[in-house]
Amino acid sequence: MPRYTVHVRGEWLAVPCLNGANTVGWLGREAVRRYMKNKPDNGGFTSVEEVKFYVRRCKGLGLLDLDDTVEDALEDNEFVEVVIEGDIMSPDFIPSQPEGVHLYSKYREPEQYISLDGNSLTTEDLVSLGKGLYKIKLTPEAEAKVKRSREVIERIVKEQTVVYGITTGFGKFARTVIPNSKLMELQVNLVRSHSAGVGKPLTPERSRMLLALRINVLAKGYSGISLETLQQVIEAFNASCLPYIPEKGTVGASGDLAPLSHLALGLIGEGKMWSPKSGWADAKYVLEAHGLRPITLKPKEGLALINGTQMITSLGCEAVERASAIARQADIVAALTLEVLKGTTKAFDTDIHAVRPHKGQAEVAFRFRSLLDSDHHPSEIAESHRFCDRVQDAYTMRCCPQVHGVVNDTIAFVKDIMMTEINSATDNPMVFAERAETISGGNFHGEYPAKALDYLAIGVHELAAISERRIERLCNPSLSELPAFLVTEGGLNSGFMIAHCTAAALVSENKALCHPSSVDSLSTSAATEDHVSMGGWSARKALRVIEHVEQVLAIELLAACQGIEFLRPLRTTTPLEKVYDLVRSVVRPWMKDRFMAPDIEAAHRLLVEQKVWEVAKPYIEKYRREHIPESRPGSPTAFSLGSLAKKTHIGHDHSHQNEL
């Protein structure tokens, strides 16, 4: 018998349908009738007939014709929503779809798998899992380790040994021994009581990352979870059944208890859950719609699911990958600005960077040379000011290798910590099968990723700080020799005036967001957990900082391309012309004032999707291949990127002078 799951005013109702010839309108009325029956005041209605409504799919939000039959319009067990005319949405209402629903309505179940063993996951893999590009399976070695660790737990329960979290309460209740008859209830109570988070739910991508990372940690075989339960968790991931996980509530020790408890709550069939098929619905309905059973927790398994740093670390992996992407592209955007402002490449000479051999600095200088080398890519713009009377450029252009360089090194440092953390066991107690015992420790403490992500935010922010100053130079006619705010008929048109203000506002916000979260600690759990990392906020604000950096650089990219318009018919180098063409494929030149926000968003998408890097990368890598690393005492090995011949004269023919 077909059945449909119907959402009415925040409640989910299972409505069976005996006759496929019944209409969508009938389904809506039957759902409203059941809704009214559950309400003491009938939901404010006197009869079903007086209720006017429309019906739409949860997936994609497509409206349904009330006169169509359910067998023609709907699939069995499809999720639909009844929207009552005149209702005003509460600000606390959980929508049937997350923000950006248009992205998820195109979801296709992946066919490829990533094998997890708890030791070899990368940050790139985790982000790909978050995007729904792969399913998960365990390696045979991981399965064997999981089985062995579970045997230790079964023996503890059988022998009634007193072990924290298995046969005792938690936190302050660690000395309270629980009888065997209540050990399963103990685990369910743990998950329910610890599901105390607040705020918006994580997006499906971030929920997938969190779930995938927890699976990877459990696969190490130090958590004591049964293979049967772990396979159920994997099945939920592979079906994209994602629990409702509020983003706020973790203090980062003892692990990310609140968000991971919400993760476990959905898996046991309680709370809310999301899937591409259902949107947000009661977890038990979502699991059932995908042919899955709620997990029945055995001793230790609730604790195994919720104890660890995976919320901090999964968000941190996204932050690291996005930071890497925007740092690479920041060099390209800055090189384009340097061309528009008629700067010199003298400051990128290999000898300068060989005597201060930081890896990131050398790499940034190399990228600038690869984009601006006149021997490889003649520039008519550069040629036009070869013998100008300016001596040297402002720091915002000349010092890009030094400023952008340390950002690259910061990202590398943080990524190294994240790579270790995502392949670490972070439970308590730890189950060591080879010793046939459990040991209590502190691997759940989030100080490592918290400190690293605070550092990441501080480092990456500088890309926006220096970019905003370059935007000022582009918009200020006394500094750029271009029309004020990059527009003709200034006064009638304002051009990039407020776009620059937006960049300044974002940079100012970042200054507050860069205050380290991990310098704070508040004692919790009756002083049992008397030092915490506050890493959840470290991760969330790092992502906000990085998004602001992307947006500021999007504004600079637009401004630099607009500056090119005033230098035509002169052309810049081939790779930078390709960047210009890319931008012009989504944003037309600014001839007179128009609605600017969509242009900024379009440029932002180019950066987020790494399109700018994709068009410039072939030229950068070709230049790398053609310049064999030069052996130089003290030069960095990984970033010894070759020497630009001294005959290169792009830009001003500057002399080297001392300066303050």
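Modeller: Gladly! A cavity is a set of grid points where a 1.4 Å probe fits but cannot get out. Keep in mind that this is a predicted model. The second largest cavity has a volume of about 70 Å³.

Biologist: How many cavities of 30 Å³ or more does the structure hold?

Modeller: There are 4 of them.

Biologist: And which residues line the second largest cavity?

Modeller: The lining is made up of Phe496, Leu558, Gln562, Arg584, Val587, Arg588, Trp590, Arg594, Met596 and Asp599. By class, that gives 5 nonpolar, 1 polar and 4 charged residues.

Biologist: What makes a space a pocket in your terms?

Modeller: A pocket is an open set of points, with protein on both sides within 12 Å along at least five of seven lines. The second largest pocket has a volume of about 640 Å³. It is lined by 33 residues, and Ala253, Ser254, Leu257, Ser525 and Glu529 are the closest to its centre.

Biologist: Which helices each supply at least two residues of that pocket's lining?

Modeller: Helix 6 (183-194), helix 9 (257-267) and helix 11 (301-306) do. The largest share, 3 residues, comes from helix 6. Sorted by class, the pocket lining has 14 nonpolar, 16 polar and 3 charged residues.

Biologist: Back to Ala253 and Ser254: is the peptide bond between them cis or trans?

Modeller: The bond from Ala253 to Ser254 is cis, with omega near 10 degrees. Ser254 sits in the loop between strand 10 (246-248) and helix 9. Another cis bond runs from Asn428 to Pro429, where omega is near -5 degrees. Pro429 belongs to the loop between helix 17 (400-422) and strand 13 (430-432).

Biologist: What is the phi of Glu481, and where does the residue sit?

Modeller: Phi is positive there, about 60 degrees, although Glu481 is not a glycine. The residue lies in the loop between helix 19 (477-480) and helix 20 (497-513).

Biologist: Now the helix packing. Why are helix 12 and helix 17 called roughly antiparallel?

Modeller: Angles over 145 degrees count as roughly antiparallel. Helix 12 and helix 17 pack at about 160 degrees, with their axes 10 Å apart. The two helices are therefore roughly antiparallel to each other. Their crossing is left-handed. By class, this contact has 12 nonpolar, 5 polar and 4 charged residues.

Biologist: Which residues meet there?

Modeller: From helix 12, they include Gly316, Val320, Ala323, Ala327 and Ala334. Helix 17 brings, among others, His404, Val407, Ile411, Val414 and Met418.

Biologist: And why is helix 7 oblique to helix 12?

Modeller: The axes of helix 7 (residues 204-218) and helix 12 (residues 310-340) come within 9 Å and cross at roughly 120 degrees. That value makes helix 7 oblique to helix 12, because 65 to 115 degrees counts as roughly perpendicular and over 145 as roughly antiparallel, with the rest oblique. Helix 7 passes helix 12 in a right-handed crossing. In this contact there are 7 nonpolar, 3 polar and 4 charged residues.

Biologist: Which residues of helix 7 take part?

Modeller: Arg206, Met209, Leu210, Leu213, Arg214 and Val217 do. Their partners in helix 12 include Met311, Leu315, Glu318 and Arg322.

How values were computed. Residues numbered from 1 in each chain as written. Predicted model: local features only at pLDDT ≥ 70, side-chain atom pairs only at ≥ 80, totals over all residues. Heavy atoms only, no water. Axes fitted to C-alpha atoms, helices over the stretch in contact; angles between N-to-C directions. Helix = DSSP H or I, 4+ residues; strand = E, 2+ residues; numbered from the N terminus. Parallel < 35°, antiparallel > 145°, perpendicular 65-115°, else oblique. Left-handed = near helix turned anticlockwise from the far one by under 90°. Contact = heavy atoms within 4.5 Å. Nonpolar A, V, L, I, M, F, W, Y, C, P; charged D, E, K, R; others polar. 1 Å grid on protein atoms, 1.4 Å probe; cavity = no way out; pocket = protein on both sides within 12 Å on 5 of 7 lines; lining within 4 Å. Points joined across faces, edges and corners; volume = space filled by probe spheres on them.
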